[in-house]
Amino acid sequence: MGENVLVIGGGGREHAISWSLAKSPKVKKVFAAPGNVGIGAIPKAENVNLDLKDFKAVAEWCTREHVSLVVVGPEDPLANGIADVLLAAGVKCFGPSRLAARIEADKDWAKQFMDRHSIPTARWQGFTSAQPAVDFVNSAPYEALVVKAAGLAAGKGVVVAADRGEACAAVREALVDRKFGAAGDTVIVEELLEGPEVSVLGFCDGSTVKAMVPAQDHKRALDGDLGPNTGGMGAYCPCPHLPPSQLQWVEQNVLLRAVQGLSAEGCPFIGVLYAGLMLTKDGPKVLEFNCRFGDPETEVLLPLLRSDLFEIMLACCEGRLSEQTIDWAKDLSIVAVIMASKGYPQSSSKGDIIQGTEEVTRTPGYQVFHCGTAMAGDNLVTAGGRVLAVVTESSSLSAAAALATAACRRIHFPGAQFRSDIAHKGIPRWILQQGKLTYKASGVDIAAGDSLVSTIKPAVASTTRAGVMGQLGGFGALFDVKAAGYKDPVLVSGTDGVGTKLKIAQECGSYTALGQDLVAMCVNDVLCQGAAPLFFLDYFACGRLAVKVAAEVVRGIAEACTATGCSLVGGETAEMPGLYKDGDFDLAGFVVGAVERGHLLPRLAEVCEGDVVLGLPSSGLHSNGYSLVRRVMDLQGLTCHSKSPFSDKTLGEELLTPTRLYVKDVLPVVDQVKAIAHITGGGLVENIPRVLPANVTARLDASRWTVPPVFGWLAATGAVSEAELLRTFNCGVGLVLIVAAERQAQICSRLSDAIVIGSVCRRNADEPQVVVEKFAAAVEPSMQSHVGPLATQLTASKRVAVLISGSGTNLQALIDAMAGNGSVAMGAHIVLVISNKPGVEG
């Protein structure tokens with residue numbers, strides 16, 4: 001037969017709840033009081049007119065209509081005790097009792113409750129008269145700049161002041177001018193917390209709590225988090241700022257503590273408990289609790305829910321939530337953008353005709369939830385401040401945000417307003433966690449390179465003879481010879497090239513910097529063995545020799561050799577027509593250095609827990625990762641002559657910044673260090689382990705150094721994840737020194753730009769040998785400026801129709817090519833396929 005359900009409320013939240021409940025095969029009918037136009041259009045739903053202030057009458061109506069479950073959307077009925085009346089009448093209610101609802105309805109009580117149960121929150125004081133509150137603002141030992149009305153104020157009772165004067169004014173507005181009425185009889189003055197805000201909601205049955213995926217709301221009216229506070233101008237989920245491990249911590253230390261505390265105080269909580277969190281440097285802290293679904297968070301959470309909402313709610317009411325498995329869609333992002341009426345939030349415009357909603361809702365993956373609408377004859381019109389919630393989904397958060405914004409532009413009514421930056425705060429972190437573009441996809445397979453080294457090691461070992469030291473994989477090849485003024489020298493040799501940075505130089509027609517790149521890649525390597533470079537040889541291979549180009553390269557090599565104290569003693573110029581195209585060439589360099597045997601690095605036996613990790617800044621990309629860089633340029637339609645997206649130079653000038661030479665700076669202190677690592681291909685995470693013993697880990701703090709803006713640009717516009725950045729690029733640190741703690745000050749006094757970037761710690765089982773902390777926070781600021789242009793590109797892509805015949809075996813390849821990597825504008829997307837056969841591939 002199916003069950004009847006009553007949803008109380010009439011906004012976008014209730015539309016989303018009704019829409020989700022109606023999908024349950026166990027639900028026969030969804031009643032909504034008062035409901036809205038959108039709910040009325042759901043086949044299994046019906047709007048009903050009930051006096052929602054007469055709870056007893058509502059309970060009697062539920063009994064007559066055989067309603068088995070009531071779901072309460074807004075907070076006011078819960079704070080006034082509707083759940084108590086329904087339960088007394090034998091009607092199940094998904095929503096807390098009046099006493100449990102105090103966790104939202106009375107912020108003064110809620111803050112005391114959090115203190116009683118050790119739930120992390122901001123420091124605070126409550127006041128019922130203005131002068132003590134003003135005195136507290138001016139004398140508190142912390143920034144007491146957040147002023148809240150303790151009662152229910154429709155989500156608008158919070159002022160985050162810019163200074164103490166504004167905070168004092170907010171206190172007087174509430175307690176003297178009575179701006180919030182009875183809701184402001186008590187005000188809370190709180191410590192100003194800093195960090196991203198995240199909403200974590202949990203299903204509760206009085207003893208068990210199961211957290212939903214984290215979401216992020218956008219309260220301010222205007223782009224850039226400017227303008228007045230609103231009820232919410234949009235949301236998205238999952239929010240990448242709260243990873244699964246932290247979500248589990250919040251579930252246990254915030255939601256569960258609250259549920260257990262309420263139960264212990266005699267008011268078990270049944271329904272949805274909403275924790276508004278600030279992710280501070282000291283961990284998540286509660287800004288507020290709400291006793292119901294958030295709005296607009298509900299509009300993004302429920303489209304991501306794959307389990308039956310009715311079964312979950314019923315389990316909560318019957319105390320068996322622990323038996324439920326709650327599934328959420330994987331690899332999917334949901335974004336909701338609120339369209340508001342003219343004048344919102346100060347006022348609203350009603351009766352304006354709305355056009356375009358049907359066109360949007362016909363598009364797969366799009367949903368429009370009604371927040372404040374009505375029918376005037378045959379016309380859909382505005383009937384409130386927040387009018388519609390336009391919801392889209394995509395495997396990419398960047399694309400979902402762009403699609404939602406574009407969909408809003410297809411809906412029209414006079415004075416319509418919406419933010420165009422919903423979810424932009426989460427896109428950099430999402431890219432760092434889930435970006436698809438990899439070095440391998442750009443043509444370089446690091447794993448294959450590692451496999452090659454392992455494969456050729458036996459062959460190399462078979463050539464060993466007296467005098468050869470070390471093995472394949474170090475930073476230099478060693479040979480024992482006593483000469484050239486060294487008492488007991490070991491020779492160190494190195495060879496390297498500059499990779500596809502050559503292509504950038506060729507496009508720019510500028511080659512001098514390549515000479516320094518070539519020398520730097522070699523001499524910085526042998527420096528890691530403690531060696532001073534003695535002499536250098538170059539190899540220049542081309543299809544047709546261009547004397548001017550070759551001379552420019554060699555001049556750069558000579559200048560770099562002079563700067564590092566080694567001689568350019570010879571080289572080879574090879575013309576090979578047919579192997580190289582005209583205009584193409586390749587470079588290789590070879591260096592031989594020497595070090596006294598007793599000063600050979602790394603001194604693995606001495607590297608130990610407590611050692612300090614020093615970093616010397618890079619000059620930029622150096623000479624690694626350019627295949628990925630050129631792939632990003634291609635995807636963005638940029639050339640070397642384009643203006644740099646992150647400086648006033650051209651992109652080519654930025655990318656040709658020469659690799660830094662570290663020899664002259666580091667050699668005077670090389671005897672005082674234990675190990676040196678040159679950060680080349682493989683980045684920090686693959687190069688530092690080459691100079692560490694197996695029992696230690698280098699723990700780095702990325703907030704200690706400046707990540708150059710080129711890396712933020714690559715991450716944001718190329719959708720390059722944090723892990724891929726760290727194993728491909730130097731990320732701002734070109735050379736790493738491992739030193740004893742007692743030598744740190746002396747070495748730093750001689751290396752003016754050396755930075756303490758971490759320490760050597762005891763290695764736990766299966767722990768990586770390099771752990772880079774706070775990297776996402778360090779690189780996100782330089783990513784943020786690229787998010788807006790990226791969203792614009794994604795929005796502006798062309799809509800393409802494809803006509804195919806036969807089985808369509810090439811269609812999938814075309815779909816994949818146009819899809820790009822999910823966060824990069826490819827200029828087009830397929831919206832229609834016409835075929836002469838059913839069931840074509842793709």
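In this predicted model, nine residue pairs are in polar contact between domain 2 and domain 3, counting pairs in which both residues have a pLDDT of 80 or more. Salt bridges between domain 2 and domain 3, by contrast, number zero. The points below begin with this contact between domains and then turn to one helix and one threonine.

**The domains and the contact between domain 2 and domain 3**

- The chain is divided into domain 1 (101-298 + 316-323), domain 2 (446-596), domain 3 (604-625 + 649-791) and domain 4 (797-835).
- To the contact, domain 2 brings 29 residues, while domain 3 brings 28 residues.
- The size of an interface is often given as the accessible area lost when the parts come together.
- For domain 2 and domain 3, the area buried between them is about 2300 Å², and 69% of it lies on carbon and sulfur atoms.
- On the side of domain 2 that touches domain 3, at least two residues each are supplied by α16 (446-461), α17 (501-508), α18 (512-527), β26 (532-542) and α19 (547-564).
- Of these elements, α18 gives the most to that side of domain 2, with ten residues.
- Sorted by kind, the residues on the side of domain 2 that touches domain 3 are 18 nonpolar, seven polar and four charged.

**Helix α7**

- Helix α7 (residues 107-116) is largely enclosed by the rest of the structure, because seven of its ten residues are buried.
- The buried residues of α7 are Lys107, Asp108, Trp109, Ala110, Lys111, Phe113 and Met114, a list that includes the charged residues Lys107, Asp108 and Lys111.
- These buried residues of α7 pack against the helices α6 (102-105) and α10 (244-264), and also against the strands β6 (124-127), β7 (146-149), β9 (187-190) and β17 (283-290).
- At the start of α7, the backbone nitrogen of aspartate 108 has a side-chain oxygen of aspartate 106 within 3.2 Å.
- After α7 comes serine 118, which has a positive phi, near 55°.

**Threonine 392**

- Threonine 392 is part of strand β22, which covers residues 386-394.
- Because its relative accessible area is 1%, and buried means under 20%, threonine 392 counts as buried.
- Leaving aside residues up to four places away in sequence, threonine 392 touches Ser333, Ile334, Val335, Gly365, Tyr366, Ala400, Leu403 and Ala404.
- With one of these residues, alanine 404, there is also a polar approach, since a polar atom of the side chain of threonine 392 lies 3.3 Å from the backbone nitrogen of alanine 404.

Conventions. Residues are numbered from 1 along each chain as its sequence is written. This is a predicted model: local features need pLDDT of at least 70, side-chain atom pairs count only at pLDDT 80 or more; totals for chains, interfaces and linings use all residues. Side-chain values use heavy atoms; hydrogens and water are left out. Domain bounds come from an automatic or database domain assignment. Contact means heavy atoms within 4.5 Å. Buried area is the accessible area (1.4 Å probe) that two parts lose on being put together, summed over both. A salt bridge is a side-chain nitrogen of Lys or Arg within 4 Å of a carboxyl oxygen of Asp or Glu. A polar contact is a pair of N or O atoms within 3.5 Å; within protein, one must be able to donate a hydrogen and the other to accept it, and residues adjacent in sequence count only if both atoms are side-chain atoms. Helices (H or I, at least four residues) and strands (E, at least two) are DSSP runs, numbered from the N terminus. Buried means under 20% relative accessible area, exposed over 50%, partly exposed in between (1.4 Å probe, protein chains only).
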